[in-house]
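Subject: Structure handover and notes

Hello,

Here is the structure I said I would pass on. Please look it over before reading my notes below it.

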Amino acid sequence: MKKYYYLLLLSISLIFTGCSKDDSSSKSSTSVKLYTLSSVSNSNISGKVTFKKNEDGSTTVLLEINGSSTDIHPAFIYFNNAETGGEVAITLEPIDCDCESSSTIVTTLDDGTPITYEQLLKFDGHIKIHQNEDHLEIVITEGNIGANGN
């Protein structure tokens, strides 16, 4: 009977030890950075962008906006800050008007250059969300990210 008692105690201690290690490691490995998106061209559309570090070193870029129209809004990460402007660095998934959000997993720039979560946090860039595919010249919301972010 003592064997079963010790076996039960050992099993319970292993379960609790295993759970506590998993909880602490998942908390320490999750990294998230939030940036704000401001209205442009009197659009009254604002939002936020969240960078989340994935276990494989890639970054999930979550765009969320408020008050958009019925359009599908193309979104891009550009080089330089929003005031200076620059070329497209990363093409993001467009924002669908129904859910006012999009999610893109980023591992490289559009030219194929690898980029990690840590590098994105230091990236000299900004995000612009456009009215629609036919009117890319109209920016409805934008915000600085990385080295230029808040």
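What follows is a short account of the findings.

**Ground rules.** This is a predicted model, in which local features need pLDDT of at least 70, side-chain atom pairs count only at pLDDT 80 or more, and totals for chains, interfaces and linings use all residues. Numbering runs from 1 along each chain as its sequence is written, and side-chain values use heavy atoms, with hydrogens and water left out.

**Confidence.** pLDDT is the predictor's confidence in each residue, from 0 to 100. The chain averages 82, and 77% of the residues score at least 70. Confidence is lowest in helix α1 (residues 2-29), with a mean of 43. It is highest in β4, at 96. Contact here means heavy atoms within 4.5 Å. Residues 13-29 also stay under 50, again with 0 contacts beyond four places in sequence. Where pLDDT is low, the predicted coordinates should not be read in detail.

**Layout.** The chain has 2 helices and 8 strands. Helices (H or I, at least four residues) and strands (E, at least two) are DSSP runs, numbered from the N terminus. Their order along the sequence is α-β-β-β-β-β-β-α-β-β. Of the contacts between residues at least 6 apart in sequence, 55% join residues at least 24 apart. Buried residues account for 37% of the 150 residues. Buried means under 20% relative accessible area, exposed over 50%, and partly exposed in between (1.4 Å probe, protein chains only).

**Core.** The largest nonpolar core has 24 residues. Such a core is a set of buried Ala, Val, Leu, Ile, Met, Phe, Trp, Tyr and Cys residues joined through side-chain atoms within 4.5 Å. V49, F51, L63, L92, I127 and I129 touch the most other members. At least two residues each come from β1 (32-39), β2, β3, β4 (73-79), β5 (88-95), α2, β7 (124-132) and β8 (135-146). β5 gives the largest share, 4 residues.

**Strand β6.** This strand covers residues 101-106. S102, T104 and V106 form its covered face, while S101, S103 and I105 form the uncovered one. β6 pairs with β3 in the antiparallel sense, over 6 bridges. Two strands pair if DSSP finds at least two bridges between them. L62 has S103 as its bridge partner in β6.

**Salt bridges.** The whole structure contains 2 salt bridges. The criterion is a side-chain nitrogen of Lys or Arg within 4 Å of a carboxyl oxygen of Asp or Glu.

- E64 pairs with K48, with the closest N and O atoms 3.7 Å apart. E64 is in strand β3 (residues 59-66) and K48 in strand β2 (residues 46-53), so the pair ties together parts that are 16 residues apart in sequence. Both are partly exposed, E64 at 27% relative accessibility and K48 at 36%.
- E118 pairs with K53 at 2.6 Å, N to O. E118 sits in helix α2 (residues 117-122) and K53 in strand β2, 65 residues apart. E118 is partly exposed at 35%, as is K53 at 25%.

Which lysine is buried yet has no salt bridge? K128, in strand β7, is that residue. Its nearest side chain of opposite charge is E142, 4.4 Å away. For charge, Lys and Arg count as positive and Asp and Glu as negative; His and the chain ends are not counted. Leaving aside neighbours within four places in sequence, K128 is in contact with P74, A75, F76, Y78, V139, T141 and E142.

T141 lies in strand β8 and is buried at 0% relative accessibility. Beyond four places in sequence, its contacts include L37, I45, I65, I127 and K128. The C-alpha atoms of T141 and I65 are 8.4 Å apart, although 76 residues separate the two along the chain.

N80 has a positive phi of about 70 degrees and is not a glycine. Most residues other than glycine have a negative phi. N80 is partly exposed, at 27% relative accessibility.

Best wishes
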